[in-house]
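These are my notebook entries on one structure.

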Amino acid sequence: MFRSVGFCGSRSLPARFAGLVGGVSRAVVAGGASVSVGCAAGADSFVRSAVPGCQVFAVKSGKWGRCRSAYAQRSAAMV
């Protein structure tokens, strides 16, 4: 089993998938792994709602810059 699992996905993932994404992310925690996730809407948001204590990699922190590439750099940092 992994010690840490990062989630990222579509920012426009329909709300009907919230339960599925939430269930998977909660199962990861139940298996003993920590969860990391981005700060975007959609899949990231569903994970943050399901796992309130997850580590959030937030672009607004400025750690990865302030341009559009900051989102890609943030996702790479999670890996």
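**Entry 1: helix α3.** I looked up what covers the buried residues of α3, and the list includes β1, β2, α2 and β3. I took helices as DSSP runs of H or I with at least four residues and strands as runs of E with at least two, numbered from the N terminus. "Buried" stands for under 20% relative accessible area, "exposed" for over 50%, and "partly exposed" for what lies in between, with a 1.4 Å probe and protein chains only. Helix α3 takes in residues 69-78, and its buried residues are Ala70, Arg74 and Met78. They cover an arc of only 85° around the axis, so they sit on the same side of α3. The arc is that of the directions from the helix axis to the C-beta atoms. The face turned away from the buried side carries Ala72 and Ala76, which are exposed.

**Entry 2: ground rules.** The model is predicted, so I noted that local features need pLDDT of at least 70 and side-chain atom pairs count only at pLDDT 80 or more, while totals for chains, interfaces and linings use all residues. Residues are numbered from 1 along each chain as its sequence is written, and side-chain values use heavy atoms, with hydrogens and water left out.

**Entry 3: helix α1.** I checked the length of α1 (residues 18-30): at 1.5 Å a residue its 13 residues should span 18 Å, and the end C-alpha atoms are 18 Å apart, which agrees. The expected span is 1.5 Å times one less than the number of residues. Which residues of α1 are buried? They are Val21, Gly22, Ser25 and Val28. Seen down the axis of α1, they fall within an arc of 120°, so they line one face of the helix. I recalled that an α-helix has 3.6 residues a turn, so residues three or four places apart point the same way. On the other side of α1, Gly19, Leu20 and Ala30 are exposed. The buried residues of α1 pack against β1 (4-7), β2 (34-38) and α2 (43-50); contact means heavy atoms within 4.5 Å. I also looked at Val28 in α1, which counts as buried because its relative accessible area is 12%. The C-alpha atoms of Val28 and Val5 are separated by 7.4 Å, although the two are 23 residues apart along the chain.

**Entry 4: the sheet.** Three strands form an open sheet in the order β1-β2-β3, with parallel pairing. Its edge strands are β1 and β3 (55-57), each of which pairs on one side only. Two strands pair if DSSP finds at least two bridges between them; β2 and β3 have three. One of the residues I followed was Val37, whose bridge partner in β3 is Val56. Ser36 has its place in β2 and counts as buried, at 6% relative accessibility.

**Entry 5: the cores.** I defined a nonpolar core as a set of buried Ala, Val, Leu, Ile, Met, Phe, Trp, Tyr and Cys residues joined through side-chain atoms within 4.5 Å. The largest has twelve residues, including Val5, Val28, Val37 and Phe46. The elements giving two or more residues to this core are β1, α1, β2 and α2. Helix α2 gives the most, with three residues. Apart from this core lies another, of five residues, among them Phe57, Val59, Ala70 and Met78.
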